[in-house]
Amino acid sequence: MLEHIIATRYVLPLREGGSLPGLMEADDLGTYIVKFSGAGQGKRVLVAEIIAAAVARSIGLRTPDLKLIELPAPIAKYEADEEAQDLLTASIGLNLASDFLPGSFAFDDGGKISADESAKILWLDLLIGNPDRTWRNPNLLMWHRDLWCIDHGAAFYPHHGWGEAVDPAKFDRPLMDIATHVMAPYADEMPAIHEQLVTLAATAPLSETLESIPDDWLTGIGRDPQDAREIYRAYLAARMADPTPWIAGLRR
Ligand SMILES: Nc1ncnc2c1ncn2[C@@H]1O[C@H](COP(=O)(O)OP(=O)(O)OP(=O)(O)O)[C@@H](O)[C@H]1O
Ligand SMILES: [Mg+2]
């Protein structure tokens with residue numbers, strides 16, 4: 001389940017992030033990178049982050065702890081930066097907080113990461129349809145000499161087209177062009193590691209994770225939020241049951 005916390009201070013906007021994430025302090029004395037529910041990218045990117053993190057952890061990848069952070073109105077009201085104030089005002093209520101890894105830096109050398117971990121990252125991104133792991137923007141951080149996967153907001157990208165009716169026959173897509181993926185050299189490992197990673201991924205607390213996604217982040221998918229949760233579950237199940245299309249669809 002995602003813990004609920006309350007924001008106590010907006011420290012600064014993170015200009016390097018496309019969605020203008022913010023650094024915030026919370027009532028649990030933690031510091032977080034917050035992705036805002038009122039950002040132009042929409043709430044589905046937050047849903048993608050939450051589900052992706054649960055799957056990533058289940059296969060043994062590191063990703064910062066996620067929490068739901070309540071943004072009280074006064075924090076938005078008293079923010080001096082106009083662009084940030086607009087974003088905060090649109091985001092009063094629940095947002096997504098990622099545990100801040102102080103002193104972390106962008107990953108830049110494949111040689112230092114084990115083949116096993118590298119292949120797992122590629123498998124995860126193929127499973128969840130995450131194209132956002134390129135050398136230009138790897139979304140991988142080094143922290144205390146370990147690799148941490150961040151920013152899965154672009155995952156499940158077909159879900160931006162999902163509406164009231166969702167066609168399970170299309171769950172084998174996307175077939176990604178991985179030429180620019182940082183772990184592209186590990187593509188040949190996919191068939192060999194698939195069974196083992198499916199077994200690990202089955203241990204992900206998927207039901208609890210889906211339950212903890214706020215209902216109003218799921219509107220517009222399926223008949224109602226519960227149906228939306230079922231659709232995400234079915235999407236992952238279908239891709240795990242038969243990886244043939246997405247493994248065969250690897251293009252390098
Ligand atoms: N938990 C974290 N701890 C430390 N730094 C982080 C954390 N999460 C994000 N960052 C930093 O903030 C930057 C932006 O975060 P993130 O990539 O999640 O946002 P984004 O808006 O989706 O960005 P983009 O679309 O540009 O990739 C990251 O590249 C990283 O430098
Ligand atoms: Mg990013």
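A nonpolar core is taken here as a set of buried Ala, Val, Leu, Ile, Met, Phe, Trp, Tyr and Cys residues joined through side-chain atoms within 4.5 Å. In this predicted model, the largest such core comprises 61 residues, and those with the most contacts inside it are Ile51, Trp123, Phe156, Met190, Tyr232 and Leu236. Helix α1 supplies the largest share of this core, namely ten residues. Apart from it lies another core, which has 18 residues, including Tyr32, Phe36, Leu71 and Ala84. In soluble globular proteins, nonpolar side chains tend to be buried together.

Helix α7 spans residues 225–241 and, with 17 residues, reaches 24 Å from its first C-alpha to its last, which is close to the 24 Å expected at 1.5 Å a residue. At the start of α7, the backbone nitrogen of Gln226 is approached by a side-chain oxygen of Asp224 to within 3.1 Å. The buried residues of the helix are Asp227, Ala228, Arg229, Ile231, Tyr232, Tyr235, Leu236, Arg239 and Met240; the elements covering them include α1 (44–58), α4 (115–128), α5 (190–201), α6 (206–211) and α8 (244–248). An α-helix has 3.6 residues a turn, so residues three or four places apart point the same way.

The side chain of Arg229 makes a polar contact of 2.7 Å with the side chain of Asp215. Not counting residues up to four places away in sequence, Arg229 touches Asp215 together with Leu210, Glu211, Ile213, Pro214 and Leu218.

Ligand 1 has 19 residues around it, of which Leu14, Ser19, Asp99, Leu101 and Asp151 come nearest. Among its polar neighbours, a polar backbone atom of Gly18 is 3.0 Å from an oxygen atom of the ligand, whereas a polar backbone atom of Asp99 is 2.8 Å from a nitrogen atom of ligand 1. A side chain is also involved, in that a polar side-chain atom of Asn137 lies 2.9 Å from an oxygen atom of ligand 1. Taken alone, ligand 1 exposes 610 Å², and the protein buries 82% of that area.

Key
Residues are numbered from 1 along each chain as its sequence is written. Chains are lettered from A and ligands numbered from 1 in the order in which they are written. This is a predicted model: local features need pLDDT of at least 70, side-chain atom pairs count only at pLDDT 80 or more; totals for chains, interfaces and linings use all residues. Side-chain values use heavy atoms; hydrogens and water are left out. Helices (H or I, at least four residues) and strands (E, at least two) are DSSP runs, numbered from the N terminus. The expected span of a helix is 1.5 Å times one less than its number of residues. Buried means under 20% relative accessible area, exposed over 50%, partly exposed in between (1.4 Å probe, protein chains only). Contact means heavy atoms within 4.5 Å. A polar contact is a pair of N or O atoms within 3.5 Å; within protein, one must be able to donate a hydrogen and the other to accept it, and residues adjacent in sequence count only if both atoms are side-chain atoms. A residue is near a molecule or strand if one of its heavy atoms lies within 4 Å of it. Accessible areas come from the Shrake-Rupley method with a 1.4 Å probe; for residues, only the protein chains shown count as cover.
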